[in-house]
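Subject: Handing over the structure

Hi there,

Here is the structure I promised to pass on to you. Have a look at it first, and then read on for what turned up in it.

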Amino acid sequence: MVNVGFRDGERINPTVETRVSWKTITTEAELTRRAELLRRLRFATRRKCSGPLICRRTCWIHRPASLCGSTGRNHRVLRVLLQEAHQKHRGKMSTGPTQCDEVTEVVCLESDLQDGQMKEVEVNHHKIVLVRNEGKFSAVGGLCTHYGAPLVKGALVGNRVRCPWHGACFNTTTGDIEEYPGLDSLPTYKVKVEDGKVYVTAGKQKLTKRVKEMSCRVPGVCHTVLLIGGGPASLQCAETLRQNNYGGRIMIVTKDEQLPLDKTKLSKAMNIEVEKILLRPSEFLQQHGIEVLKEKEVVSVNTEAKTVAFNDGTSQHYDQLLISTGARARAMQCPGAEMENVKLLESYKDAAGIYQMSMGKKAVIIGTSFIGMEVAAYLSDKAASVAVVGKSIFPYQFSLGPDIGKMTMKMLEEKNVKFYMSSDVAEMRGVKGRVKEVVLQNGDVLPADVVIVGIGVIPNSDFLKGSMVEVDSRNAVVVDKFMRTNIPDVFAAGDVASFPLCIREDKRVQIGHWQLAQAHGRVAALNMLNKQTELNSVPFFWTVLLGKSIRYTGYGEGYTDIVFKGNVDEMKFLAFYIKGDEVVAAASLNFDPAVAKVAEIMATGKKITKSQARSEDLGWLQLP
């Protein structure tokens, strides 16, 4: 007996090395012919082979050795059978392993879970979340595919569970990822209920994530989608296109030296190996026909000719265009700011350089926003000294509020980080082009071997000057809720985009959250394919200081009051940001899954009132 089948998209007979051509059944006669061939082969197989015709786990096909000849008849039979196997592989039979590779266990009693509840169970060392919704049980992988958070500690609403750490959402029936961050979906497991007991079946192979089925480029399809920018919006757009059977050419153009990275790590772990933060390896991108052109920058766009020009003098035609160039760090505007050891954090190379320059040296950080504070926390036990200069009284004063800012300031001061608040830089003095001192406006002089600037960002839209693409007063690209610009076939996403925010009555905003950039990319891709989809994501953000993670959801600009639950000084709290009579945002530390719960409430379109926030009873949040 021999085995023939397909692996990794290759349809090959490994015994006789015959490449199989796939054909679509277009006539009733062809269908009848193939059915008869399949019947004959099944008849022969029943006589000669004791194994199953099709193994559900890998879609390999068993056939008797007597049929291994190279005649045309046998090759036709082989083609038909492989086609049948391919269809079953794409359908229900691909969802589970063979019985010999499965383990089924009783995980609980039917009465242990009520509707709207979940629990973590373990089957054959698989961590699984078991969910009951509308009387039906389902089971999916128990760990978030982003960074492994236990989903059982998250927020369950209907058939969707939200990660307690970073806000990714998964469908508890299909396992599909429905909100970001993260790229992959959850594995699913078979569930059955008998005699009041709940059984879950898991394969022996341990899986923590599942890549959605994706197509690749189809020869002869003359259509190009060009994605400008190498961040999460572009990558998510590319993958969504392939997940929806787009067969044209996909090109990601980035000025970075690396493939798309998880840049949220660059301020939290500045010496991390680049391989550990690649969003996808090159082999994955090549397999699915996603081209990445690195170290290539767009300098202009001609929307009438549908071409873009690059800094190397070349150009590229597109049929549809995504502008997802992000935002660049704002540079200091003071004497001496041009010196070589004054650094901005924008790329992996920047992070690695700052780390090397700071080891055992005097570091001065300008700015007390999220980037500046994360860099200060990371360097606190690596640099000889860390000084932070900020214009406000406390860090995060206008975003998270003075109480949380004061708490974070105290955290870092305990690690010997020194703050110079209510101040600004007057000049930087140096020798031979290198800063040696940072002079503040109040006259203080700070010794410096390296200066890191984190004072905000500017949308990367300069290359659109002279084009017809609309930008606003801050140079952000204006899009609608479908991520469309004012020019047909031109979309924008991520930090560069100004978009209507659904939870604030479509107020036009520009928000630099990683999660939103991915959501933008997905919505843009679906609308490129004429699958009309509106953006309805709730902003979710996190920052990490000395191992402590602050979660944030909503949009708090213009808040007038903050209501706290817990104790900020004890670093265990939930903060509600109030505007008028409505909660517009929430932040927490060591109060999971409160922010995830708030995000899910906002996602349903429900309003959280000021009186609910002030109430001593938080039963409406359904916290554990």
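Let me start with a loop: Pro-181 sits between strand E12 (177–179) and strand E13 (188–194). Helices (H or I, at least four residues) and strands (E, at least two) are DSSP runs, numbered from the N terminus. The peptide bond that joins Tyr-180 to Pro-181 is cis, with omega at about 20 degrees.

Before going further, a word on the model: it is predicted, so local features need pLDDT of at least 70 and side-chain atom pairs count only at pLDDT 80 or more, while totals for chains, interfaces and linings use all residues. Residues are numbered from 1 along each chain as its sequence is written, and side-chain values use heavy atoms, with hydrogens and water left out.

There is another cis peptide bond between Asp-592 and Pro-593, where omega is about 0 degrees. Pro-593 belongs to the loop between E40 and helix H9 (594–603). As background, most residues other than glycine have a negative phi, and most peptide bonds are trans. On the phi side, Asn-245 is not a glycine, yet its phi is positive, at about 65 degrees. You will find Asn-245 in the loop between H3 and E16.

Now to the sheets. Strands count as paired if DSSP finds at least two bridges between them.

Contact here means heavy atoms within 4.5 Å.

How do H3 and H8 meet? Their axes come within 7 Å and cross at roughly 35 degrees. The crossing of H3 past H8 is right-handed (right-handed if the near helix is turned clockwise from the far one by less than a right angle, left-handed if anticlockwise). On the H3 side the contact includes Pro-232, Ala-233 and Cys-237, and on the H8 side Trp-514, Gly-521 and Arg-522 are among the residues involved. By class, the contact has nine nonpolar residues, four polar and one charged. Ala, Val, Leu, Ile, Met, Phe, Trp, Tyr, Cys and Pro count as nonpolar, Asp, Glu, Lys and Arg as charged, and the others, Gly among them, as polar.

A second open sheet is made of five strands with antiparallel pairing, in the order E36-E37-E40-E39-E38. E36 (540–545) and E38 (561–567) are at its edges with a single partner strand each, so one side of each has no neighbour in the sheet. Its twist averages 15 degrees from one strand to the next. E39 (residues 572–579) and E40 (residues 582–589) are joined by seven bridges in the antiparallel sense, with Phe-573 opposite Leu-589 of E40.

There is also a hairpin to look at. E6 (residues 117–123) and E7 (residues 126–133) run antiparallel and are joined by seven bridges. Val-123 stands opposite His-126 of E7. Two residues lie between the strands of this hairpin, and Asn-124 has a positive phi near 55 degrees.

I hope this helps you find your way around.

Best wishes

Key
Axes are lines fitted to C-alpha atoms, for helices over the stretch in contact, and angles run from 0 to 180 degrees between N-to-C directions.
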